[in-house]
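Okay, thanks everyone. I'd like to walk you through one model today, so let me put it up on the screen.

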Amino acid sequence: MSYEVFQPADLMDGISANQLRSEINDALANGVKTILIDLRDVTFMNSSAIGSLVATLKSVRGEDGTLSLCSLNDQVRIIFELTKMDHIFDIYADRQEFMHKNGISSS
């Protein structure tokens, strides 16, 4: 299975989320169908970033791909729960859970 992990850091705003979206679109253009965004280093996310992530999710699904998130800290998890984004995105506790549930070997 072809997959790629992206790991943004610190504050995630509209600018950084759009940059991430561009990188993910490049990966899709190169044939990657499974995307994981590891948010363990993201300390805060604003509404612009969430909007950009939703647009990215639509792009990935439009290419018959999947986009998942993992390692949300408490602050980011609360934002996702308050905005009901936790119902839209596939969210995993960490990379290991993502790999296990998607049948990806760690070797």
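Before I point at anything: when I say buried, I mean under 20% relative accessible area, and exposed means over 50%. And keep in mind that this is a predicted model.

Let's start with helix 3, residues 74-82. Which residues of helix 3 are buried? They're Val 76, Ile 79 and Phe 80. If you look down the axis of helix 3, those buried residues fall within an arc of 95°, so they line one face of the helix.

Ser 68 is a buried serine, with a relative accessible area of 3%. Beyond its neighbours within four places in sequence, Ser 68 touches Ile 35, Leu 36, Ile 37, Asp 90, Tyr 92 and Phe 98.

Now back to helix 2, residues 47-62, and its packing with helix 1, residues 14-29. The angle is about 10° and the axes are 8 Å apart. Angles under 35 degrees count as roughly parallel, and helix 1 and helix 2 are therefore roughly parallel to each other. On the helix 1 side, the contact includes Ala 17, Leu 20, Arg 21 and Ile 24, and helix 2 brings in residues including Ser 52, Leu 53 and Thr 56. By class, that contact has 8 nonpolar, 7 polar and 1 charged residues.

Okay, that's my tour.

How values were computed. Residues are numbered from 1 along each chain as its sequence is written. This is a predicted model: local features need pLDDT of at least 70, side-chain atom pairs count only at pLDDT 80 or more; totals for chains, interfaces and linings use all residues. Side-chain values use heavy atoms; hydrogens and water are left out. Axes are lines fitted to C-alpha atoms, for helices over the stretch in contact, and angles run from 0 to 180 degrees between N-to-C directions. Helices (H or I, at least four residues) and strands (E, at least two) are DSSP runs, numbered from the N terminus. Angles under 35 degrees count as roughly parallel, over 145 as roughly antiparallel, 65 to 115 as roughly perpendicular and the rest as oblique. Contact means heavy atoms within 4.5 Å. Ala, Val, Leu, Ile, Met, Phe, Trp, Tyr, Cys and Pro count as nonpolar, Asp, Glu, Lys and Arg as charged, and the others, Gly among them, as polar. Buried means under 20% relative accessible area, exposed over 50%, partly exposed in between (1.4 Å probe, protein chains only). The arc is that of the directions from the helix axis to the C-beta atoms.
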